[in-house]
Amino acid sequence: MGRYLPLLLLICLWQLLCSLGFFPSYVLPSPIEIINAFQALLTIGMPPGHLLYNHVLYSLYRVGLGFSLACVLGIPLGLLMGWFPQFYRLFSPIIELVRPIPPLAWIPIAIVWLGIGIRSAVFIIFLGAFFPVLLNTASGVLSINPILVDAAKTLNATQKDIFFKVLVPGSLPSIFVGMRIGMGVAWMTLVAAEFTGVKEGYGLGFMIMTARDIQRPDEILAGMCIIGMIGFTIDWLLRRWESSIKPWE
Amino acid sequence: MHLELVGIKKTFIDEKQGKETSAIAHIDLQIEDGQFISIVGPRGCGKTTLLRIISGLEKSFDGEVFLDGQKILKPNHEVALVFQQYALFPWRTMCQNIEMGLEIMGIGKLERRSMAEEYIRSFGMNGFEDQYPCQLSGGMQQRVAIARSLIMNPKVVLMDEPFGSLDSQTRNDMQEFLMDLWLKRNLTIIFVTHNVDEAVFLSDRIVVLSKRPARVLRAFEFNSPRPRDRTSKVANDIRREIIGILRQERTALVCGQ
């Protein structure tokens, strides 16, 4: 607990400076005001009637969709790229070219292609998560000690056995690293992605942008804290899942 | 069981530099059922390559390897290979590692578990069944690797410096363990080592290879009964002679001849 003490002190200092009137609350609301704003988000909603839990559910849904898509495509492709050098040679120049483009730079073209709505939002989130998942999976396969493949061969393993009994479990630690990084990036692109995908009028990104439109910095900051906490929780859950399915580390 | 190596020759080709390095110049070898053969030679003389050729892992080489008259074309369970670095699957428990080959053969869960447990018991590893390799000592890991090969009932067991990374006490224990196993189970073993003491303690026949490119310099038959006294006069004589040959090879290597 002791390591959270500096954070606690900072919050106290922040509250103190606000109470003493150093910052006007339309610039930097105090922690207490932010907590009140959080309550308002829960009960009244932003815009009014659009309650917080709905925003959270919509955001989770979009991130879940984009992230799942990234895993469903990224993991198998990564395994193939790691195992077959031809595959690697085929895809790596394309990936090298596309990967440096930030996911957010895709927003305009995503809107042109997919329109404003969930499809563009999911596409942006997918782009953010896809490359970390893909590249970590591929490097996981490449890092498997070739001697393990030889050992499997001397035990009569076919290509299929090698794939499922050596490559997949052997690259699992890297796949998880990729998934955690991918999830982090996905969650980070969420707010921007929701600039494009808010036809429904829900989403944490949409919520804080609306709060900005009507000059509510307390609700913006409360929204930011919620995004951060959910991101932290998801990462914690992924780590828990990771250690439960690979106990050998 | 009869294993025959005919005119084995291996050249590594470095495609980038277009350079060819000869690793094995010429090796003929015959191994009879139940023999324990050690192959000794200077470091980097192609001993590991030779085992990889016999096991079928190495595809491009000249010459032929016959097991009971059948040419070995690809790795299979009849020729087991035990690696120096154990090569256990880190994500599998001891029991699951030993079961791997049976699992690949499609043997049912309960049956292979009970087969593996039999090995675990007879190898004195009870209580560690569900431990992962990283939780086991080096000696124990190597016993798991040996069990994993033997459970497949191989006709010949190839061992590539299996005790090379163990401390000397564990190494002695493992040599005795292996000797015991060989006597009880009538195994045929080809054992690569650069430790002459080990070769003399274990083998019926010791094949001394030259420096790279490898060829057979001498072969010693050594039929004294087991368990052997590591310091008997015969053992010492053979050891002295082999060490002498190897020293000459090393000097030649240094002089670049």
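## The sheet of chain B

Let's start with the sheet: chain B builds an open sheet from ten strands, arranged β5-β4-β1-β2-β10-β9-β3-β8-β7-β6, with mixed pairing. At the edges stand β5 (70-71) and β6 of chain B; each has a single partner strand, so one side of each is left without a neighbour in the sheet. Please keep in mind that this is a predicted model.

For a closer look at one pairing, take strand β3 (residues 36-40) and strand β9 (residues 205-209) of chain B. These two strands run in the parallel sense and are joined over four bridges. If you want a landmark in the viewer, find V40(B): opposite this residue, in β9(B), stands V208(B).

## How confident is the model?

Chain B has an average pLDDT of 91, and 98% of its residues score at least 70. Where in chain B is confidence lowest, and where is it highest? The lowest value belongs to helix α7 (residues 233-255) of chain B, with a mean of 85, while strand β8 (residues 189-192) of chain B has the highest, at 96. For the model as a whole, the scores are ipTM 0.91 and pTM 0.85.

## Where the chains meet

The two chains touch through 20 residues of chain B and 15 residues of chain A. On the chain B side, the elements that give two or more residues are β6 (79-82) and α2 (94-105) of chain B. Of these, α2(B) gives the most, with four residues. By class, the chain B side that touches chain A has 15 nonpolar residues, five polar and no charged.

## The helices of chain A

Chain A has another make-up: its secondary structure comes to ten helices and zero strands. Along the sequence, the pattern reads α-α-α-α-α-α-α-α-α-α. Taken along the principal axes, the C-alpha atoms of chain A fill a box of roughly 75 × 50 × 30 Å.

One of its partners is helix α8 (residues 159-193) of chain A: the two axes come within 7 Å and cross at roughly 155°. An angle over 145 degrees counts as roughly antiparallel, and α6(A) and α8(A) are therefore roughly antiparallel to each other. Their crossing is right-handed. The contact of α6(A) with α8(A) comprises 20 nonpolar and ten polar residues, with no charged ones.

Another partner is α3(A), whose axis lies 6 Å from that of α6(A), at a packing angle of about 30°. That makes α3(A) roughly parallel to α6(A). The crossing of α3(A) and α6(A) is right-handed too, and this contact has 24 nonpolar, six polar and one charged residues.

Helix α5 (residues 107-114) of chain A also meets α6(A); here the axes come within 9 Å and cross at roughly 140°. The pair α5(A) and α6(A) is therefore oblique, and α5(A) passes α6(A) in a right-handed crossing. Which residues meet in this contact? From α5(A) come I107(A), A110(A), I111(A) and L114(A), and from α6(A) come R119(A), S120(A), F123(A) and I124(A). These residues divide into six nonpolar, one polar and one charged.

## Backbone details worth a look

Most residues other than glycine have a negative phi, and most peptide bonds are trans. In chain A, M46(A) and P47(A) are joined by a cis peptide bond with omega about -10°; P47(A) sits in the loop between α2 (31-43) and α3 (52-83) of chain A.

In chain B, a cis peptide bond links R212(B) and P213(B), with omega about -10°. The loop between β9 and β10 (214-221) of chain B holds P213(B). The remaining spot is Y86(B), a residue other than glycine with a positive phi, near 70°. You will find Y86(B) in the loop between β6 and α2 of chain B.

Technical notes:
Residues numbered from 1 in each chain as written. Chains lettered and ligands numbered in written order. Predicted model: local features only at pLDDT ≥ 70, side-chain atom pairs only at ≥ 80, totals over all residues. pLDDT = per-residue confidence, 0-100. Contact = placed C-beta atoms within 7 Å. Nonpolar A, V, L, I, M, F, W, Y, C, P; charged D, E, K, R; others polar. Pairing = 2+ DSSP bridges. Axes fitted to C-alpha atoms, helices over the stretch in contact; angles between N-to-C directions. Parallel < 35°, antiparallel > 145°, perpendicular 65-115°, else oblique. Left-handed = near helix turned anticlockwise from the far one by under 90°.
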